[in-house]
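Dear colleague,

Please find the structure below, followed by a summary of what was found in it.

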Amino acid sequence: MGGAHSTDHSGGRRAYIGSFTSGGGRGITTAAVDPLTGALTPLSATGALPDPSYLAFARDTGVLYAVSETEHGAVAAFTPTADGLAPLGAPVPVAASGPTHLGLAGGLLLTANYTSGSVSSLPLAADGSPAGPVRVLAHRGSGPDAERQERPHAHQVLPDPSGRWVLVVDLGTDSVRVCAADPATGELHPHSQTPLRPGAGPRHLAFHPDGEVVYVLHELEPQLTVCRWSASSGRLRPVREVPVTSEGAPGAARAYPSAVVVSPDGRFVWAAIRGRDTIATLSLAAGAGQPQLTGVADCGGSWPRDLAADPEGRRLYAANERSGDVTWFDVDPLTGHPRRAGSMAVPAATCVVFGTARD
């Protein structure tokens, strides 16, 4: 394990790493983060939840949430401790199949259910644990890719910076849906829907720190759609498309973009590209609405399913699913280009989030 230390000098900062237990993963791995080097030191792992493919850390309560991306999907909550995670109640079913992402909005825990093509919402109890009843908002529609877009496939659910709206990225219908969450009933109410280019397969989006520009990353085509966001109207407007790969040589592997990250200072956008096993850097020097591809770096492994920046934006962490590792990179402060600095073995790694441990 590159960069590991025998003593915990993290000052309480933790990385929580999800993985596919069905693919040999350990569940959720807790690692200490060295504040000086960004290196990860494994502390413990819990297999209490099968296939915890995506995680979310609630900074106000210090609770970690995870989806169980299984046929009978569920969510679970954990209390971080000094060296691991303590379950906060039993897993709660989401009444849907294949939840692949989750988010928090207005006292609700939300999941994007890929297989079912829906979004589930669950109220949170006073201690932060998910409770019932679960509400499910089903999507309708399809796309031109008969293999991947035969029906809706909700892939991400994310509140907007204003807290008024919830955005849902649907790969199967080439669209982003905007909903309003009702904390009193736990329901999501559809508000608007933004169609994107047919067959592009949108997977994830990220907001610029200004809250007015959104970057939608497509899985079926290596493109980033730049959109304008209006929190006052709850509407998303596509502006332009930008490639996230350079022209490949004949016979090059097909690109399957997976994750998009914006630097905290709003100067760069990064995208993880599976198939090509790369991390693309896009500069925002020309403005938030005009990203330009400036570099492509090796992801340090195979099949980067997730990409995360540390809170300061000084480092990137790639969860490389097929090579079974999390690789971290130092970010050049002038160019934004990542430089490999170390790695830690995490079989079937799927997701990295940052948080803190309780004493």
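Tyr317 and Trp328 are both buried, where buried means under 20% relative accessible area, exposed over 50% and partly exposed in between (1.4 Å probe, protein chains only). The model is a predicted one, in which local features need pLDDT of at least 70 and side-chain atom pairs count only at pLDDT 80 or more, while totals for chains, interfaces and linings use all residues. Residues are numbered from 1 along each chain as its sequence is written, and side-chain values use heavy atoms, with hydrogens and water left out.

A search of the whole structure gives 6 aromatic pairs (ring centres of Phe, Tyr or Trp, the last by its six-membered ring, within 6.5 Å; planes under 30 degrees apart are stacked, over 60 edge-to-face, the rest tilted). Tyr317 and Trp328 form a tilted pair, at 6.4 Å centre to centre and 35° between the planes. Tyr317 belongs to strand E26 (residues 315-320) and Trp328 to strand E27 (residues 325-331), so the pair ties together parts that are 11 residues apart in sequence. Strands are DSSP runs of at least two residues, numbered from the N terminus. Ring pairs also bring Phe354 into a cluster with Tyr317 and Trp328.

The count of salt bridges is 13 (a side-chain nitrogen of Lys or Arg within 4 Å of a carboxyl oxygen of Asp or Glu). In one of them, Arg13 meets Glu312 at 2.8 Å, N to O. This pair links distant parts of the chain, 299 residues apart: Arg13 is in strand E1 (residues 13-19) and Glu312 in the loop between E25 and E26. Arg13 is partly exposed, at 24% relative accessible area, and so is Glu312, at 39%.

The largest pocket has a volume of about 1,300 Å³. A pocket is an open set of points on a 1 Å grid over the protein atoms alone, where a 1.4 Å probe fits, with protein on both sides within 12 Å along at least five of seven lines; lining residues have an atom within 4 Å of a point. The volume is the space filled by probe spheres set on the points, which are joined across faces, edges and corners. Of the 43 lining residues, Tyr54, Phe57, Arg59, Leu158 and Val353 lie nearest the centre of the largest pocket.

The second largest pocket holds about 170 Å³ of space. Its lining includes Arg148, Arg203, Glu219, Arg274, Trp303 and Arg322. Arg322 lies over the face of Trp303, at 3.7 Å from the ring centre (CZ of Arg or NZ of Lys within 6 Å of the ring centre and within 35 degrees of the ring normal).

With kind regards

Definitions and conventions:
Helices (H or I, at least four residues) and strands (E, at least two) are DSSP runs, numbered from the N terminus.
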